[in-house]
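Please look through the sequence and the model shown here before reading on.

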Amino acid sequence: MPAAAAQIVSWNLTQVCNLACGHCYLDAVARRREAPGELSTSAALEVLRQVSEVAPGAMLVLTGGEPLLRRDLTQLVERAAALGLMPVIGTNGVALDARHASALKAAGAAGVGISVDSASAAFHDRLRGVAGAWERALAGARAARAVGLAVQLQATLFAENRGELEALSDLAQDVGAMALNFFFLVCTGRGVTQTDLPPAAYEEALLAIVRLQAARPGMMVRARCAPYLRRLLGLHAGEGAGGYAGWSSACLAGRSYFRITPQGRVTPCPYIPEPAGDLLSTPLREIWETGRSFARLRGELPGGKCGGCDYRVSCGGCRARALAQHGDLLAEDSKCRYQAAPGVRPEVWQAQIPAQAVSWEPEAEALLARIPAFVRARVRERLEQAAGREAVTSITVEFMRAHRPPMPFAASRGIPRG
């Protein structure tokens, strides 16, 4: 499958951190200065140029380690914004005060994603390895909101906090967050030492997230790294219901999303550690278009029970979890307990279905152009799929408005955890 432009890019700017989180996929370290081998400011500015060409208008998540410990962060944010990217900051929030928040807003940052793993301090501080981290993270969220930055809270789910979904949602609303993302642990980096949820608990947590979203329509409540949510909602490729758009849960790794490491290596997502290429020796466009892992994720179907599933395209399983469990990107995701009913055929891969020609009226094209670039291609895809299902041959402004997703989804996309 040919490489379309990426819509989301996650960049671990540094491995330096001010916390010692037990589940860190990057295995970040406590230092006051940049770790050896990290890209210099001049090299990072060149990477930004390449990102803007491969992923024009994309959401660019600048994270770490702790990105606020990188002294050129505001310079990189300013350059990213000038190149037409949408920079957001993935942070633990501990160092995010009014001064930092104001500087990021002035530089062109659109928002922050702040990690808060409990509705009270004890578990969060123990997991993060520093007393007071919870209080300071919430203070950081409030400082960001005060200067007009959009805020998302991120929580990684464990057995210890699985019962706190509603309380965390209350907390997110209290600090003015526009979204709350629940991350399902992928055991990489220091995360291999953590206890992941068993499959039955995954299903229970996902159903609770669906109920939370229904009860709180003014805030996005989303599951991350758990694409089986689409199967629980009964949604196949291109379908949407209740605020869940056609692409909201399926794995984006290597298809519309990639990650850059502090040293300039490129992987399909933060939880897939094997590089597809190195920016110090290979242009980003070449890596994105020809890297082996990217080609496999775009052009091959998953194996095992995922390959025979009637949601193999809509869901397809978490590819990073399959790699961690079985050593193969295209293996089955064993965390999913679903088994297709006997006689049910595997879902048809969209690449096998001839595309139906759909035209756009000029007024509709103009309205589409006003949508943020990082999500525009997905909106076009969703509308053309809806037109195909409804035998509509020309998309109008009225058709667009009739198929507009609810505001919480339309306003934002997920920001990976910090």
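## Surroundings of Ser169

Not counting residues up to four places away in sequence, Ser169 touches Leu180, Leu212, Arg216 and Met219, where contact means heavy atoms within 4.5 Å. Ser169 lies in helix α6 and is buried, with a relative accessible area of 0%; buried stands for under 20% relative accessible area, exposed for over 50%, and partly exposed for what falls in between (1.4 Å probe, protein chains only).

This is a predicted model, in which local features need pLDDT of at least 70 and side-chain atom pairs count only at pLDDT 80 or more, while totals for chains, interfaces and linings use all residues. Residues are numbered from 1 along each chain as its sequence is written, and side-chain values use heavy atoms, with hydrogens and water left out.

## Strand β7 and its partners

Helices (H or I, at least four residues) and strands (E, at least two) are DSSP runs numbered from the N terminus. In strand β7 (residues 150–157), seven of the eight residues are buried. Strand β6 (residues 111–115) runs parallel to β7 and is joined to it by five bridges, with Ala150 of β7 as the bridge partner of Gly111; two strands pair if DSSP finds at least two bridges between them.

Strand β8 (residues 179–184) is likewise parallel to β7, through six bridges, and in β8 the bridge partner of Gln152 is Ala179. From β7 the chain crosses through helix α6 (residues 165–174) to β8 in a right-handed β-α-β crossover, that is, with the strands pointing away from the viewer, the path from the first strand over the helix to the second runs clockwise.

## Nonpolar cores

A nonpolar core is a set of buried Ala, Val, Leu, Ile, Met, Phe, Trp, Tyr and Cys residues joined through side-chain atoms within 4.5 Å. The largest has 73 residues, of which Trp11, Val116, Leu153, Phe182, Phe184 and Phe258 touch the most other members. Helix α7 (residues 199–215) gives the most to this core, with six residues. Apart from it lies another core of 18 residues, among them Met59, Val61, Leu297 and Leu330.

## Salt bridges

With a salt bridge taken as a side-chain nitrogen of Lys or Arg within 4 Å of a carboxyl oxygen of Asp or Glu, the count comes to 15. Asp174 forms one with Arg142, the closest N and O atoms being 2.8 Å apart. This pair links distant parts of the chain, since Asp174 is in helix α6 and Arg142 in helix α5 (residues 133–146), 32 residues apart. Asp174 is exposed, at 53% relative accessible area, whereas Arg142 is partly exposed, at 39%.
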